[in-house]
Amino acid sequence: MFHDTERRAIPDAEFTHPCAMPSQALTDAYGTLLSRAPAPLFKRARQLYLNKYCLDGRNTESQLRLFVVQERLDERVEPDPDAGPLGRLATLQSSTLELALVHWQQDDPPAEPLVETYLQQSWQLRPSLISSSNESWFRNGGFQLRITLQEPLIWIRSSRYQETDNQTGKGKPTKS
């Protein structure tokens, strides 16, 4: 239960279920969301995007919506053995273990059966830990519950490119 008798959220409330593994539907939605997000170079724009757009899609009218709370980014650049001495492979990996379930534009917490039905039907998800947050979602978007996953959602993108002699420091500068 995460309500008291007056229907106010209890800050340290939580309930448990046997499984909190991300489903394929949730993994796919995460990939779709991040494929449209601003590049990590634009940190503020990327965070605003994740706060504004939910995993449910841009056209959702659901009273419950699922958002990425925080992502962890790992960027690597490695030699690309298939592309010669100047070939490089840049890889970006984003992962998250925490999601916000928002009772869209409502100040009160949603009923527990509504939460369970939404998570099961929309995402085939039974979270292991749900806790209420003392703050409304971004720009008063609504009451939020935090969901902690046992396994992270992961999205990976790689790009191949060729360094120029100028980038490796071996060549002469080029004119622009």
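Predicted model: local features only at pLDDT ≥ 70, side-chain atom pairs only at ≥ 80, totals over all residues.
Residues are numbered from 1 along each chain as its sequence is written, and side-chain values use heavy atoms, with hydrogens and water left out.

Let's start with the layout. You'll find 4 helices and 5 strands here, running in the order α-α-β-β-β-α-β-β-α along the sequence. Helices (H or I, at least four residues) and strands (E, at least two) are DSSP runs, numbered from the N terminus.

Some totals for the chain:

| Item | Value |
|---|---|
| Buried share of the 176 residues | 38% |
| Share joining residues at least 24 apart, among contacts between residues at least 6 apart in sequence | 68% |

Buried means under 20% relative accessible area, with a 1.4 Å probe and protein chains only; contact means heavy atoms within 4.5 Å.

Now look at helix 2, residues 43-52, whose buried residues are R46, Y49, L50 and N51. They pack against helix 1 (24-36), strand 1 (64-68), strand 2 (72-79) and strand 5 (142-162).

Next, find S94 in strand 3, residues 87-104. S94 counts as buried because its relative accessibility is 0%. Leaving aside neighbours within four places in sequence, the contacts of S94 include Y30, L34, E71 and W155. With Y30, the side chain of S94 makes a polar contact of 2.9 Å (a pair of N or O atoms within 3.5 Å, one able to donate a hydrogen and the other to accept it).

Definitions and conventions. Buried < 20%, exposed > 50% of the residue type's maximum accessible area, 1.4 Å probe, protein only.
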